[in-house]
Amino acid sequence: MGSRRPAGYEYLHRRFWMDDSVIPLYNWVTRIINPSVDKKSYLFEIQTNFKLKKRSDEEEQAMGSEIFAVVVPSIDDIRRLENDIRGRLDDYWMSIDEIKWLVYEALDFAKEKMAVDSAKYASYSVIPVVVGLDVCTVQQEGESIDDTIGRAIRPEHMFPLRLCFVYQRRGPGWRYNGDIEKSYILHKSFLMGLPRYRPEDDVGLAHMKVCAVCSLDSEATPAAQVSYLPCGHGVHSHCVFRWFNDGKSSCPSCGHRVLTDLQKGDLERDCRFVPGYP
């Protein structure tokens, strides 16, 4: 992404708050990031609501939501927080400048709260900061509402959150599902390594008019990323994961065999970096 956002999208992240209740939900990762009880970790949980804004109606239509977190070992590590959070915010079409601005605001908020309530947070090993983010797809002049919905940013049009280098909650009743987790791990390096483009880019439109996996969904929409397989055919990024995760081993367009399985050594090495792996 460049320094400017694409037309037709708005991002609101003026809501920051501290929430002690989220700390136990990420104990498993904060112990890994910062195992020393004498040092503090900084947990930033992003609570995203996806919305649709119509020109003729002031009300916003909900288009889904998601929650993820990143953990950094230092409140001054701006670069690390920006790098960790950017992987998912790029999928929101947020510009580099907007991502930087969100990071600076979140860090400033955390520092201010810690200064005001220094006595309280002195004993904390994890500082929990929650960011409320609205990602709005805005109907443009002359654009039909169907076209606006077609390009709306929403979870089902993005890469599975479990494949991103961010962390998800482990609430009460969470249970490890070995089959699901191993499937994610098995395909992670392959899928994340595929070139991805937005369909509005010349490259995207030139190689994929219709996704071979979800062909009933008609043409590719500007909100959905396109991944290119080694044979050169494009498929929606969120569809290519479903395709190979369902046991397929070839391109859905030409049938060219695609080797996605990692060697055992690579698999064991990747396990250490995949959120959700014990």
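**View 1. Helix H3 of the predicted model, residues 96–116**. Helix H3 has 21 residues and reaches 30 Å from its first C-alpha to its last, close to the 30 Å expected at 1.5 Å a residue; the expected span is 1.5 Å times one less than the number of residues. Helices (H or I, at least four residues) and strands (E, at least two) are DSSP runs, numbered from the N terminus. Residues are numbered from 1 along each chain as its sequence is written.

**View 2. The buried residues of H3**. Among them are Glu-98, Ile-99, Leu-102, Phe-109 and Met-114. Buried means under 20% relative accessible area, exposed over 50%, and partly exposed in between (1.4 Å probe, protein chains only). The buried residues of H3 pack against strands E1 (9–18), E2 (41–53) and E4 (126–138), and against helices H2 (78–89) and H4 (118–121).

**View 3. Cys-211, a cysteine in no disulfide**. The whole structure has zero disulfides (pairs of cysteine sulfur atoms within 2.5 Å). For Cys-211, the nearest cysteine sulfur is that of Cys-214, 3.7 Å away. Cys-211 is buried, with a relative accessible area of 1%.

**View 4. Cys-239 and its closest cysteine sulfur, in Cys-214**. The two sulfurs are 3.5 Å apart, too far for a bond. Cys-239 is also buried, at 1% relative accessibility.

**View 5. Residues 261–278, where pLDDT stays under 50**. pLDDT is the predictor's confidence in each residue, from 0 to 100. For residues 261–278 the model has 31 contacts (heavy atoms within 4.5 Å) beyond four places in sequence. Where pLDDT is low, the predicted coordinates should not be read in detail. Local features need pLDDT of at least 70, side-chain atom pairs count only at pLDDT 80 or more, totals for chains, interfaces and linings use all residues, and side-chain values use heavy atoms, with hydrogens and water left out.
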